[in-house]
Amino acid sequence: MKAKHRKTLRTALSTLHRWVGLILGVVLVLAGLSGSLLAFDHELDGWLNSAMLRNRAGVCAAPLPPSAAAQAVQQAWPGAAVNAITLPESAADSYRVQFKHASTADNEAGVDACSGQLLASRNRDAVSLDSAHVMPLLLRWHMTLLQGKTGREVLGWLAVAWVVLLLAGVYLAWPRPGHWRRSVSVTRGVGAFRTSYELHRAAGLISAVFLLVVAGTGFFMGLPQLGRQLVSSVMSVPVDARTAKLAPLAPGETEVGWDGAAVKARAGSPATATLVMLRRDAANGVYQARMRRADDWQPVGTLRLFIDMRSGAQVSAADPLSGTTGQRLLAVMFPLHSGSLFGLPSRILTAVLGLLPLLFFVTGLVIWISRRRLKHRGRLAAAQAPGPTARRA
């Protein structure tokens, strides 16, 4: 009876694995390939757009303050609303300024950190594969399928389906005792079907744990509120400090400015922390500063300080690395997914893992087509075989 149940379960899981893989395969392939490139987003974008993202004079020993980057944009587009400034990650990097202005579709500009000169600008929301826009496009595709919040949620549920797909595949491929070596090896000089089957099985068994991590963290990236609720149901997760709000800044009201916010952020964070980004939120009356601690998990920093735009006082702080286990668990999701948690080795691993959905889709397609052809030939052979009457004659 147990054997019958196991056979029924294997048949059901095999059908589930096959059709989920075929239906979602193309999206998973594109998500994987884009993720491989995004593991080196900063380097690739800098290489493709060095005229915008690198200083003209190269290394800048004493970069200008953030206000110089904001002024360069507002001189080019008077009245532009500067929303955020990303500080140079290395001495050769320029400032990256996010802004809005009615006269241009561009919303990001590079400003030379040495001279304060506007280098170039682009529209990060453009759908274009040219060198200026391909990396922002890949990021938006990978995060939202180019569909905003709805696309992000779809990807979250797609990650759940991917987890089911992976677990079903592991169950089907799990070897009997003493057969592990054979199950993770590929025989040479055999047909396309057997090669595809063995490659599909071996790659799946070897990478299953890593891919489950990528898929599981993808769920938290796509459905952050649901993920937070799930974690808070079993662990302590304090109220998110990012909800801090003050009265909106009135037009013409005095504020501490970009440089004042930078000074306050550095003063209110550990001495070893590096200021990565400043974001101006006039609607909530605060500047948000992202700081990268010395022991941080990601280049963009996990420490966030919220500074009163009027007085410069610190309103609140989000420091998950020093928080509860639940906060740390939520904070590790993005670094795990992006490959930034352990530096270059994990980024390389993430890039390799991003290629595997293509391998699985191609080998799975070959297996499916080969089996269909085999079944078709069997039906033809059965139809052409002489019936009982013909054999008696």
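**Notebook: loops, a pocket, cores and rings**

I began with leucine 145, which is buried because its relative accessible area is 18%. Buried means under 20% relative accessible area, exposed means over 50%, and partly exposed is in between, with a 1.4 Å probe and protein chains only. I note that this is a predicted model: local features need pLDDT of at least 70, side-chain atom pairs count only at pLDDT 80 or more, and totals for chains, interfaces and linings use all residues. Residues are numbered from 1 along each chain as its sequence is written, and side-chain values use heavy atoms, with hydrogens and water left out.

**Entry 1: a loop**

I located leucine 145 in the loop between helix H5 (134–144) and H6. Helices (H or I, at least four residues) and strands (E, at least two) are DSSP runs, numbered from the N terminus. I looked up phi next. For leucine 145 phi is near 55°, a positive value in a residue other than glycine. Leucine 146 is also not a glycine, and its phi is positive at about 65°. Most residues other than glycine have a negative phi. Leucine 146 sits in the loop between H5 and H6. Leucine 146 counts as partly exposed because its relative accessibility is 32%.

**Entry 2: the second largest pocket**

I found a volume of about 810 Å³ for the second largest pocket. A pocket is an open set of points on a 1 Å grid over the protein atoms alone, where a 1.4 Å probe fits, with protein on both sides within 12 Å along at least five of seven lines; lining residues have an atom within 4 Å of a point. Grid points are joined across faces, edges and corners, and the volume is the space filled by probe spheres set on the points.

Which residues lie nearest its centre? I noted His17, Gly169, Leu172, His200 and Gly364, out of 31 lining residues. Helices H1 (2–38), H6 (148–173), H8 (192–222) and H13 (356–384) are the elements that give two or more residues to this lining. H1 gives the largest share, 9 residues. I sorted the lining into 19 nonpolar, 8 polar and 4 charged residues. Here Ala, Val, Leu, Ile, Met, Phe, Trp, Tyr, Cys and Pro count as nonpolar, Asp, Glu, Lys and Arg as charged, and the others, Gly among them, as polar.

**Entry 3: the cores**

The largest nonpolar core has 30 residues, and Val73, Val82, Ile85, Leu275 and Met291 touch the most other members. Such a core is a set of buried Ala, Val, Leu, Ile, Met, Phe, Trp, Tyr and Cys residues joined through side-chain atoms within 4.5 Å. A second, separate core has 15 residues, including Leu165, Leu166, Leu211 and Ala215.

**Entry 4: aromatic pairs**

How many aromatic pairs does a search of the whole structure find? I got 6. Rings of Phe, Tyr and Trp (its six-membered ring) pair if their centres lie within 6.5 Å; planes under 30 degrees apart count as stacked, over 60 as edge-to-face and the rest as tilted. The ring centres of tryptophan 174 and tryptophan 180 are 5.0 Å apart and their planes stand at 85°, so this pair is edge-to-face. Tryptophan 174 counts as exposed at 53% relative accessibility, and tryptophan 180 as partly exposed at 37%.

I then checked tryptophan 258 and tyrosine 287. Their ring centres are 5.4 Å apart with planes at 65°, so this pair is edge-to-face. Tryptophan 258 lies in helix H10 and tyrosine 287 in strand S6, so the pair ties together parts 29 residues apart in sequence. Both tryptophan 258 and tyrosine 287 are buried.
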